[in-house]
Each structure stands twice: as C-alpha cells, then as structure tokens.
Amino acid sequence: MKKDTRYQYYLRAVICAALLIGLDQFVKYLVVLKLKGKPAVDIIKNVFQLTYLENRGAAFGILENKRIFFYLCAILILIVVAYFYTKVPIEKKFLPLRICAVFIVSGAIGNVIDRVRLNYVVDFLYFKLIDFPIFNVADIYVTVAAVMLVVLVCFYYKEEDLERVFSHSGK
C-alpha cells in the first residue's frame, strides 16, 4: 500500500473527528443558549427530558473537580487510540475498528474542550424514567463506540484478525 493512501485515511479520520467534535460543541452551545437557567423540557413525559447540568465530575458525579485526572485520562486515551489506529490494516474489513477509534477520540476531545473552556462538561440528556445520569453527545460517541468495539472483538473479528491488528507494522 502506498504511503499516500494511508495518509489519506488519516486525513479522513481527522476530518470526521473534527466534524463530530464540531457537532458536539454546537449542540452544547445550543443547550447553554436555550436551557441554562430554565426548567427541564420534557421530550417524553416522565421518561426523557432535556435538562441543563454543569458536570464537574464523571458519571454519577464521581471524581468531582479532578480536572488534572480527566486531562491525563484524555491524553492517555488519545495516545492509545492514535497508536491503535496506526496499527489497524487499511482494509474494508477493519473499517468498523477505525470508525470506533474516531468516535472515541471525538467524544474524549469534545468533553476535554468543555473542561478546558468552562471548567465543567455541559450535560443535558436525561432518562428520567430510570434516573440515568445526565449525559451529552460526546458521551454517546464514547459509549456507543466502546460497546461496538466489544461486540466487534467478541463476535465479528476472528483471533487471526486481531493478531493482524496488533502485529501490523502500520505500513
């Protein structure tokens, strides 16, 4: 495979990540504009609502105000995912792995932008029926990609496929 082709894949990944991050930040901007300081908006009464929350921690409010910890985790995630992305063969069969990587990085960066800019993450999606923690678009990126990654590794890829990923030279 030509080097130019691999760099084209990297460029597409960066562009897709930038678009996903842009969408996350735009939605959060709208949430601040329309929901901050206002009552929750029921989408499905007593089931799902939009409600503004300034999250200074992680899920369920754990690790509140531990910004340095979150920055270090985000940096580690970015390094691991970038390294992983370079190891994945550029073949159609491995496209789902590359897509998962782009979504995980996009979600991580989306929430880091909030932490750097605001000192908290803007959350607004709330499943009231099950009292699920309030979350945002970036959280959806990370969660869906992580679940898909587990499904792919457990049910789609064979052991020899995964060996190719982890022994691949990236060329």
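How many of the seven residues of β3 are buried? Six are buried, so β3 is largely enclosed by the rest of the structure. Buried means under 20% relative accessible area, exposed over 50%, and partly exposed in between, with a 1.4 Å probe and protein chains only. The model is predicted: local features need pLDDT of at least 70, side-chain atom pairs count only at pLDDT 80 or more, and totals for chains, interfaces and linings use all residues. Residues are numbered from 1 along each chain as its sequence is written, and side-chain values use heavy atoms, with hydrogens and water left out.

**View 1. Three strands form an open, antiparallel sheet.** The strand order is β1-β2-β3. β1 (41–44) and β3 (121–127) stand at the edges. Each has a single partner strand, so one side of each lacks a neighbour in the sheet. From one strand to the next, the twist averages 35°. Strands (E, at least two residues) and helices (H or I, at least four) are DSSP runs, numbered from the N terminus. Two strands pair if DSSP finds at least two bridges between them.

**View 2. β1 and β2 meet in a hairpin.** Three bridges join β1 to β2 (residues 48–55), and the two run antiparallel. Val 41 has Leu 50 in β2 as its bridge partner. Asp 42 stands opposite Gln 49 in β2. Three residues lie between the strands of the hairpin. Asn 46 takes a positive phi near 65° there.

**View 3. β2 pairs with β3.** The pairing is antiparallel and spans six bridges. Asn 55 has Val 121 in β3 as its bridge partner. Strands of a sheet pair through backbone hydrogen bonds, either parallel or antiparallel.

**View 4. Helix α3 packs on the sheet.** α3 covers residues 95–118 and touches β2 and β3. Its direction makes about 125° with that of β3. Axes are lines fitted to C-alpha atoms, for helices over the stretch in contact; angles run from 0 to 180 degrees between N-to-C directions.

**View 5. Ala 13 is a buried residue of helix α1.** Helix α1 spans residues 3–35. The relative accessible area of Ala 13 is 12%. Leaving aside neighbours within four places in sequence, Ala 13 is in contact (heavy atoms within 4.5 Å) with Tyr 85 and Val 102. Ala 13 and Lys 93 are 80 residues apart in sequence. Their C-alpha atoms are 16 Å apart in space.
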